[in-house]
Amino acid sequence: MVHKITLIPGDGTGPEISEVTAKVVEATGVKIEWEIAHAGVDIMQKEGTPLPQSTLDSIRKNKIALKGPVTTPIGTGFRSVNVAIRKELDLYSCLRPCRTYKGVKSKYENIDLVVVRENTEDLYAGVEYPENSPQALEIIKLSENKIRENSAISIKPISAFGTQRIVRYAFEYALKHGRRKVTAVSKANIMKCTDGLFYKTARETAKDYEGKIEYEEKLIDNMCMQLVQKPELYDVIVLPNLYGDIMSDLCAGLVGGLGVAPGANLGEDIAVFEAVHGSAPKYKGLNKVNPAALILSARLMLEHIGETGAAFRLEKAVADVIAEKKSVTYDLGGTAGTKEMARAIIDKLK
Ligand code: NAD
């Protein structure tokens, strides 16, 4: 069977790592027909939009995409392409497994955590009002002066629907992957309405998995300390959008950094696979950055499309190359370039 998959090279170092990742995936023997579609600053210069409609159409048609990182310039009107893709396609679940690979320098050993982040709600919903806008002034009035005048305001919506589907996803993932526990993380002692609803809904959803998967709740501040001190106590962690974004990087730090942190954004029937790291623009065109995070994201993709044997072999090939330390990039203490590291992984797959 040939799988038709959208390949979005991205910008910055994205095209370099996407190109080698496609080659590594092909080396597993899985038959893939890539449909190239563009997003990011380079296509913005050509087409006037960082996310052309044709790119969204391609993902909608093929249902699966592998995406390189895309730059979001700070302080311009340029909206995050990543946030836009997740919202447009309702990719409500952001999956970020964090696993220790032998050979990656880290303060911790044997980490095996999975962060499941809600992707569409919370402070990332994009409902924001500048200071002194009519909406901000109206909200200040509604707040009975709890909000200072001249404040800019971002709204934090959390729904029962959004929470239920992300918590259900976390439990289903735990069941499918032989995991033992789901920890729901929030700050409901302070944000009683929004985070309170997150816990309440999570608790109700957890009842469906009683006796199969353990459920617990932790406050986000405590959870940060717990993960630094006793990460082995945790397994699958489910969080609203903002906390999930931050905690994903914290967990990537536990396993030695962004170079080995893969990710997936999943909806009901569409999935986009991408590394946790960004476009690292300062290294653009230098054949320098580590392709492993995108390759490990492709490994998640192979599992998702049912190519579990190839997924397993690919992860082993990456793990072996990292453990041998001969052909790894600068961030893993080596001198290999992006292409050389990818070639070493391909050699393992032969
Ligand atoms: P970044 O992840 O690009 O870089 C952070 C640090 O990690 C840098 O020092 C970089 O050199 C290093 N790094 C990143 N990827 C690496 C790799 N594969 N191998 C080795 N080292 C690597 O984060 P940033 O600098 O904050 O962001 C750059 C741009 O990327 C921003 O515009 C940001 O918005 C965007 N971004 C995009 C995505 C995405 O497309 N999913 C995710 C995060 C950030």
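Reader: How many residues surround the ligand, and which are the closest?
Author: This is a predicted model, in which local features need pLDDT of at least 70, side-chain atom pairs count only at pLDDT 80 or more, and totals for chains, interfaces and linings use all residues. Residues are numbered from 1 along each chain as its sequence is written, and side-chain values use heavy atoms, with hydrogens and water left out. The number of residues surrounding the ligand is 20, and the closest are V70, T72, G278, A280 and Y330.

Reader: Which residue has a side-chain N or O atom 3.0 Å from a nitrogen atom of the ligand?
Author: A polar contact is a pair of N or O atoms within 3.5 Å; within protein, one must be able to donate a hydrogen and the other to accept it, and residues adjacent in sequence count only if both atoms are side-chain atoms. The side chain at 3.0 Å from a ligand nitrogen belongs to E274.

Reader: What share of the ligand's exposed area does the protein bury?
Author: Accessible areas come from the Shrake-Rupley method with a 1.4 Å probe, and for residues only the protein chains shown count as cover. Taken alone, the ligand exposes 810 Å², and the share buried by the protein is 70%.

Reader: Where is A280, and is it buried or partly exposed?
Author: A280 is not a glycine, yet its phi is positive, about 35°. Helices (H or I, at least four residues) and strands (E, at least two) are DSSP runs, numbered from the N terminus. A280 is in the loop between β12 (271-275) and α10 (292-304). Buried means under 20% relative accessible area, exposed over 50%, and partly exposed in between, with a 1.4 Å probe and protein chains only; at 30%, A280 is therefore partly exposed.

Reader: Is E144 buried or exposed?
Author: E144 is in the loop between α5 and β7, and its phi is positive, near 55°. Its relative accessibility is 67%, so E144 counts as exposed.

Reader: Which residue's backbone oxygen does the side chain of S151 reach?
Author: S151 lies in the loop between α5 (134-142) and β7 (153-154). With a relative accessible area of 16%, S151 is buried. At 2.6 Å, its side chain reaches the backbone oxygen of R148.

Terms used. A residue is near a molecule or strand if one of its heavy atoms lies within 4 Å of it.
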